[in-house]
Amino acid sequence: MIPTEAITSENLNSLLFYFTVMGLLLVLAIFVRLKIKIFKKYFIPASLIAGILGLFLGPYGAKLFSEEMVSTWGALAGILISVVFAPMLIGMKKEKQDGTGKLIARHLIYSYTGSLLQISIPLIVASLILIPLFDLNEMFASIIEVGWAGGHGTAAGMIEVYNDLGWTDGASLGVTAATFGIIIGIISGVIMINHGVRKGYTSIIKKSEELSGSNDSDVIPIKAQKSNSVNTLNPDLVESFAFHAGLISIAILIGWFIQQTIALYIPGIPLFPLAMIGGLIVNLVISKTKYVDMIDVNTLNRIQGIALDFLVLGAVASIQIPIVLEFAVPLAIITIITVAVMIWYFYFLGKRFFPKDWFENSIVHYGAYSGVTAIGLMLLRTVDPEMKTDAAKGFALRAPFYSPILGGGLITSIIPVLMLNSSSLIIGVSALGILVLLLVVSKLFGLFEKPQSPQSNEEKVSSQSKRDIV
């Protein structure tokens, strides 16, 4: 149950070398982003650029990097995801939020519907058409919610799950789906924003010229630089980062023991969502003591961010191109279907869940569940630069009730296991049934309303001009 094998010094030296090459790629990608403006314009993170560079220089490209090195990067990604998830609930405090219950409920149910759509529709389509037509694995369509709503982090974390369940192709396909999702999310999001401004859907921005681009410098000037974490302990006692890394380690250790216990009954449950539960247990214990002030959430975020950058790099660089090409046709079909579903999710459901500022409230979810949370916030910032709407607030407050469950949470991680124990059709139909039930409940509680007919900005300007003439 507890590992006892020694790791040889040769293996450790190899790991150190492989990791330093990852650092080299990341720094190189930073300068690529600084010099090539299109990457900045479309908010492509340096970690993704570094991963693509590693892919081009790897065994399926220039062959500068060995297959052993690249496969180790992929394995590291599966480990680092636990470091990303473990601190998510550490440092969380109960805060009274007067008058925000309905806002949180709207955002929470809208989040659930987004993930449930990415589970149900792809699984149903795959089971009825793609799996029999292309002789695919039963778990094929699970890569959509894993890669889109979950993102690269979850896709990397699921590598071990797919391998343990006997579907090694799922590792590369999940990360590929995540890469497609982030690119589609950025491009389609920008198109939808420009269309929304012209049609008058946006509440803050009324003209295309007012749209907020990324005018901020990637390199923060010295005078504008601010501390993004603080020391909570005297350095003579311990380095604050080391203490917070220790808390994360305890959370992962608790999650590991939970995983081993569950594996006695249900094998295949990954470590990373259980590490998050371990973090919750750590938080519950320490929050009852006077030592709770020793926790700095920003420090945890820094450690989480470091792990996530190297995770994305390793996951993308380890994509096996031959596998992606082998599944190119069904992957393209399921991606197109998902795009159509997400557009319906944005325009149809978004208008009904958010009677006020529907575009701003919906676009942050669309970006997050197509790419990653950063893309959703980027699209929101484009149409609401000063965060005048409640979109950012509602999106943030719903996170503790959504992230542990779907979009990379516990349910996401066990979907492949459930599919093997039943079928993709049963899980897909079940997810669709839960989705319909959520919509019915939302309607009964007044959270799902008929939208008002919008008036385009051009019509508004025309009407104002007529009034001015009169």
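Mentor: Gladly! Keep in mind that this is a predicted model.

Trainee: Which residues form the nonpolar patch on the surface?

Mentor: They are Leu 128, Ile 129, Leu 133, Phe 134, Val 329, Ile 333, Leu 425 and Val 429, with about 690 Å² of accessible area together. Two or more residues come from each of α5 (101-134), α13 (328-353) and α19 (424-444).

Trainee: Why does Val 429 count as partly exposed?

Mentor: Val 429 has its place in helix α19, and its relative accessibility is 45%. Buried means under 20% and exposed means over 50%. The value for Val 429 lies in between, so Val 429 counts as partly exposed.

Trainee: How do you know that the radius of gyration of the protein chain agrees with a compact globule?

Mentor: For 470 residues, a compact globule would have a radius of gyration near 23 Å. The protein chain has 23 Å, so the two agree. Along its principal axes, the C-alpha trace spans about 85 × 60 × 50 Å.

Trainee: And how much of the protein chain counts as buried?

Mentor: Of its 470 residues, 49% count as buried, each having under 20% relative accessible area. The chain exposes about 22,900 Å², and carbon and sulfur atoms supply 65% of that.

Trainee: What helices and strands are in the protein chain?

Mentor: There are 20 helices and 0 strands. Among contacts with a separation of 6 or more, 78% are between residues 24 or more positions apart.

Conventions. Residues are numbered from 1 along each chain as its sequence is written. This is a predicted model: local features need pLDDT of at least 70, side-chain atom pairs count only at pLDDT 80 or more; totals for chains, interfaces and linings use all residues. Side-chain values use heavy atoms; hydrogens and water are left out. Patches are made of residues with over 30% relative accessible area and no salt bridge: like charges are joined within 9 Å, nonpolar side chains (Val, Leu, Ile, Met, Phe, Trp, Tyr) within 5 Å. Accessible areas come from the Shrake-Rupley method with a 1.4 Å probe; for residues, only the protein chains shown count as cover. A salt bridge is a side-chain nitrogen of Lys or Arg within 4 Å of a carboxyl oxygen of Asp or Glu. Helices (H or I, at least four residues) and strands (E, at least two) are DSSP runs, numbered from the N terminus. Buried means under 20% relative accessible area, exposed over 50%, partly exposed in between (1.4 Å probe, protein chains only). The radius of gyration is taken over C-alpha atoms; the globule rule is 2.2 Å times the number of residues to the power 0.38. Contact means heavy atoms within 4.5 Å.
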